[in-house]
Amino acid sequence: MSPASAPLNRSQRWIATLRRLVTSWWTRQSPSRQDRLATLGPLISVLLFLAAIISAFWYLRNEEIERETESVKRDTEIAQQQIRLRLIENQEQLVRIAREVVTRQIDAHEFSAQAQAFARERPELTHVTWLSAKRERRSSVGAAGFQADGLMQADGDDPSMPRPNQSNAAAIAFEAAKERRQPVYSPPFTDANGTTVFQLHIPLIDRGGFAGVLIAEYTVEALLRYYVPSEVATRHSIAVLDARDQIVSSTVTPMPGQGLRRTSLLHDVPLAPALNGLVLRGQGWRTSIGLINNALFWLVLALAGMTVWMLLGTWRHMRRRTQIQNALTLETNFRRAMENSMLTGMRAMDMDTRITYVNPAFCAMTGFSEADLVGRTPPYPFWPTDRREENARLLQQELQGKSPSGGVEVKIQRKDGSQFDARVYVSPLVDTKGKQTGWMTSMTNITEAKRVRDQLSASHERFTTVLEGLDAAVSVLSVQPPELLFANRSYRLWFGADPAGHALLAGGQLSGTTSRHGELDGGADEVDDYSGLPAEALTDVGSDPREVYVESLAMWFDVRARYLQWTDGRLAQMLIATDITMRRHAEAQAALQAEKAQVTSRLMTMGEMASSVAHELNQPLTAITNYCNGMVSRVRSDSIDKEALMAALTKTAKQAERAGQIIHRIRNFVKRSEPQRQPAHAADIVEDAVELAGIELRRRNVAIHTYVAQRLPQMMVDPILIEQVLMNLLKNAAEAIDNASLPTSRRHIELRVVPKHSAELGGQIEFSVTDMGPGLPDEVLARMYEAFFSTKADGLGIGLGLCRSIVESHQGRIKAENLYNGALVVGCRFAFTIPVTITSEHLRQEASPGTPGGAPRTEPTAP
């Protein structure tokens, strides 16, 4: 064998082995899979062919884009080079002129001549100007080469003039040239004519000092027009863009009302040597689309697409047929499994009412097998003997289509003789051609459901009986539309069937409800205030009970309301209104009795203090008598002058005023009036109480020490009632000290008023009365607030109980405690609080009572 034939035989063996493997794999595939693969083979071949054509097209298009991109880049750089050379040439000429100006080889007149010649040859310049170091114009030449006296005026509004203390482009370039001592290009800006320009500032350096600048102003539009080669402008669009990427000028002028269309071939270079934020951009378009217009390409593409479409359609058709076969098999298996597992009994009958099919559930319900039922005609074996005629009538009614939509309730007898309640639904069986072939009957055991329904009916009846027997009015009103859904007997007795009673109890008005006169309260503009609100959140929220007075019934109701979800899903409000008219009358009577008790207590206090008050009034009256007798005697003897008489009369008036004040305070204290809360200061209440209590304290030889913190907040209280509490506590403390016959060192009382604050009660003012008496026994501390309990032989037992009622009516608290020195009782302390708003300043005042912020006072012991 030759060496050349050896590799050939080896490749043939590989090909034969590969063919055997492919044939073996192909024979192992199922016929449906072979069909799919046979369809996918041509499809893959056509797709590969189409991919090759598209790849070739894509490659040619990319080469075209690269060539056009290189052309745009080359033309853009040519335009940049031309503009760059022109700017450098102009800059060198201006530097030469600036050198002659600095060396004083030329004056302003000669500068104007040179500048005119320079500007006439350069149409891109708008003007050439010589400014001094103080920004004064020495000379200015316009674009046409003539003297321009109207340019660069210091007192004008020309944006090209670099004015001091401004941040325009010209001023920035002027300062940069002055600082760097070299030529500087300004940022682009709009001149007085609305043209986009930039300036070149050439500094004038005279002996190391800054002597001014030469300014050459360029128009961007002229630079493009004169220095972009015509062949470049013919091939591509050249534009100048500012720092915000906005086109300043372009070689292509768009049509009026149309912008330049955006291109995909762009090349940007800086406008050298200016480097002032301007960018030179070249734009190109693809000019050749011959490949796309090639008919052969489109013909190949269309044929390939049609082949792919036909192959895909064939593949989808085969796939759909396979899916339909699989779905049919699955549907058959599913229906069989569902019929075998469902709890509803299914029975099919032909047009002669012969049973043709029963499912396992039907057999399980009746106890008969499929063989016992299939082929049977009425009467069926599961019909009770005593109900065959009735069941036959119901069957005919169902076959005639006269049975109700909710089915028919029938009695079914099992094979063992037991019976159960069932609900039967009958529907016609129709084949694929729309022709009826029989009836399908479904049967459900409703024995348990019927029992539960009967229980629910009985429960509902019991519940309704309870609601009807309540003395409270119970009503349920839907929110939208307002409709009375339920009302018990009490509600109907008081308000009838009118939903306005519900609104009256709820404290609001109904929209869209019908009044007693049949008129619609709402209107066409009815708005659902609860639209969009989640019903679950509303039903979880209740409302606080309210007391409502119904004027038409002259009754008071305690109303409790909450939102709930009604049985049909609507949001509704339920109200329970309890008649509290008798309770309100009892509370009014109790308040009246409490008021009388308060007045009685004050009268009793003043009765007990009668002797002290008489002694207190006797002193000023005696003094008045003595003063009057003395003045009468001295007047008779003609031994008194006018000044002495005026002094005696003044003293007499002061004593009369003192007696009047005592009587006025006593009258205000015992005067009966309605409790009235008003803004009051603790210091004023303490002063009035101490003045009245001082009479009793002096009689009992007891001193009082008071401390009232300054800058206390106002209280909303009845001042007379709070004064009554303080009077009662001070009098009790004085009696305890006097009855115990304590020595002088312990015969004093301390009254303190300070601000307090706690997390539980918040801000409050505390009044405390502390004595050095014998204290209170434990059994007295436990019962001292009870009505008619007293430790005094002649006491009525209403003082401390009344004090507690007064304090609690002001939302305050009162407490009593003994003071101990070890195990020995050394005094007693009564304290009550009134809630107020406390600030940090008040608390600091409380923390330092010894500071000048307080107001201590001591009432000395009477001799």
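Helices and strands here are DSSP runs, numbered from the N terminus. With that naming, R135 sits in the loop between β1 (125-132) and β2. The model is a predicted one.

R135 has a phi near 65°. That is a positive value in a residue other than glycine. R135 counts as buried because its relative accessible area is 13%, and buried means under 20%.

P162 belongs to another stretch of chain, the loop between β2 (137-142) and α4 (169-180). Along the chain, P162 and R135 are 27 residues apart. P162 has a relative accessible area of 0%, so it is buried.

N701 lies in the loop between α19 (682-699) and β22 (703-708).

Is N701 buried or partly exposed? Its relative accessibility is 30%, so N701 counts as partly exposed.

## A cis bond between two prolines

P378 and P379 are joined by a cis peptide bond. Omega is about -5° there. P379 is found in the loop between α10 (370-373) and α11.

## Space inside the protein

How many cavities of 30 Å³ or more are there? The count comes to two. The largest cavity holds about 150 Å³ of space.

Its lining is made of 15 residues. Those nearest the centre of the largest cavity are R347, W383, E398, V410 and V424. Helix α11 gives the most, with four residues.

## A nonpolar patch on the surface

Now turn to the outside. M306, W309 and M310 form a nonpolar patch on the surface. Together they have about 400 Å² of accessible area. One of these residues, M310, lies in helix α8, which covers residues 295-341.

## Points to find in the structure

Then go to the cis peptide bond that joins P378 and P379. Next, look for W383 and V410, which are among the residues nearest the centre of the largest cavity. Finish at the surface, with the nonpolar patch of M306, W309 and M310.

Methods: Residues numbered from 1 in each chain as written. Predicted model: local features only at pLDDT ≥ 70, side-chain atom pairs only at ≥ 80, totals over all residues. Heavy atoms only, no water. Patch = residues over 30% accessible without salt bridge, like charges linked within 9 Å, V, L, I, M, F, W, Y side chains within 5 Å. Areas by Shrake-Rupley, 256 points an atom, 1.4 Å probe, with all protein chains shown as cover. Salt bridge = Lys/Arg side-chain N within 4 Å of Asp/Glu carboxyl O. Helix = DSSP H or I, 4+ residues; strand = E, 2+ residues; numbered from the N terminus. 1 Å grid on protein atoms, 1.4 Å probe; cavity = no way out; pocket = protein on both sides within 12 Å on 5 of 7 lines; lining within 4 Å. Points joined across faces, edges and corners; volume = space filled by probe spheres on them. Buried < 20%, exposed > 50% of the residue type's maximum accessible area, 1.4 Å probe, protein only.
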